[in-house]
Amino acid sequence: MDVVAAFEEGLERGASEYRTAFEEAEDEQALRAANARFVGPSGALTRLMKRMRELPGERRKEFGQRSNQLKQEIAAAFHARLDGLAAAAREAELSGPHLDVSLPGRGRPVGRLHPLTQTKHDLLDVFVEMGFDVADGPEVEKHEYNFDKLGFPPDHPATDMQDTFFVASEGVESEARAVLLRTHTSTVQVREMLARKPPLAVVSAGATFRRDDDATHSPMFMQLEGFMVDDGITFAHLKGVLTHFLQRIFGRDLPVRFRPSYFPFVEPGGEVDMGCTICRRWQRGDAAGECRVCKGTGWIEILGCGMIHPVVFEHVGYDPERHTGFAFGLGVDRITMLRHGVPHLGLLYGNDPRFLNQF
Ligand code: FA5
């Protein structure tokens, strides 16, 4: 086709097609694509105008004017349609569903303390009310403070690899066993007594570790330790403090009983049982039904205690002829389970939000 005919046909086709193409474009993207088909870098009109030089001289001006005119028409129509589409979109937005600014916002979940930490704070508070100081001790501890200074003989079963997590360290076997994860918080007794002189009343709570794992024993658990040393401290002080403490936590009518028991660092040593708060047999006065927690006895063992052994005082430089004191240690996990009716200790360490959100 000769160039004149190509111009005639191209301008005619362009003029007849752009309007429909723009009308049919339903959004800005389609409109821009349609515009590009005519006046884009490789659009039909652009390509035609690139052939202007091929036209015979006497027709060049005429076709030049007609091409420019069409280009301007297309540009005007493009912008008119663009404005129309924007207005229609705004209209649709305004007449569509309204934004309800009164809807409640998206809440940000509020964090809270873990039930074990809550219990720990509640227990410590009771002792602080009674005038005890709060102390801390390291979880990675010396064998000496965990066992030796507390009067454990070197071959005591608790010092065995089967019961205690030892921390590997370089050197010979005896050195390798010199550092461990503390198996109880009684270490704080040693540390505080080495650092301070009587009178003192101290309480401390934190993580402890043993090679245990079942429904009521976990490899990591939490203990709370308390002790008091002065001139003239007796077992009566121990009974008074512990009975008050347990009744503050579990209720004024809670029965508490003391039984003899053995720990190397106390003499005499005892264990304390409290009435089972699950079956509350002391309130019902009968043994009807077998309680899984207390096995029908009506009592739960809750802590170990006793009068601090003179040998411990010697190890920390106190005069055993002059000073006396009591100490006790309890499982914070067990108290948390009893307070909240938690059936398995593992729940306290599983960090499952379905469990934790109930507190
Ligand atoms: C002691 O650890 C002594 N240090 C307590 C003590 C302190 C006695 C001061 C006298 C004077 P015992 O091994 O019984 O004692 O542990 C105390 C409590 O820790 C237990 O009653 C139990 O509630 C808790 N406990 C022990 N092992 C575990 C475990 N693996 N998981 C969870 N709780 C445990």
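In which strand does Pro268 lie? I found Pro268 in strand β7, residues 266-275. Strands (E, at least two residues) and helices (H or I, at least four) are DSSP runs, numbered from the N terminus.

**Basis of the entries**

I note that this is a predicted model, in which local features need pLDDT of at least 70 and side-chain atom pairs count only at pLDDT 80 or more, while totals for chains, interfaces and linings use all residues. Residues are numbered from 1 along each chain as its sequence is written, and side-chain values use heavy atoms, with hydrogens and water left out.

**Backbone entries**

I looked up the peptide bond between Glu267 and Pro268 and found it cis, with omega about -5°. Pro199 belongs to the loop between α8 (187-195) and β4 (200-209). Lys295 is placed in the loop between α10 (281-284) and β8. I recorded these entries because most residues other than glycine have a negative phi, and most peptide bonds are trans.

**Domain entry**

The domain assignment, automatic or from a database, divides the chain into domain 1 (3-95) and domain 2 (115-356). Taken over C-alpha atoms, the centres of domain 1 and domain 2 are 88 Å apart.

**Ligand entries**

How many residues surround the ligand? I recorded 22, and the closest are His184, Ser186, Arg210, Asp212 and Ser218.

I then looked up individual distances. A polar side-chain atom of Ser186 is 2.9 Å from a nitrogen atom of the ligand. A polar backbone atom of Ser218 also lies 2.9 Å from a ligand nitrogen. For Gln223, a side-chain N or O atom is 3.0 Å from an oxygen atom of the ligand.

Which elements give two or more residues to the shell around the ligand? I listed β5 (220-231), β8 (299-308) and β9 (323-331). The largest share, 4 residues, comes from β9.

Conventions
A residue is near a molecule or strand if one of its heavy atoms lies within 4 Å of it. A polar contact is a pair of N or O atoms within 3.5 Å; within protein, one must be able to donate a hydrogen and the other to accept it, and residues adjacent in sequence count only if both atoms are side-chain atoms.
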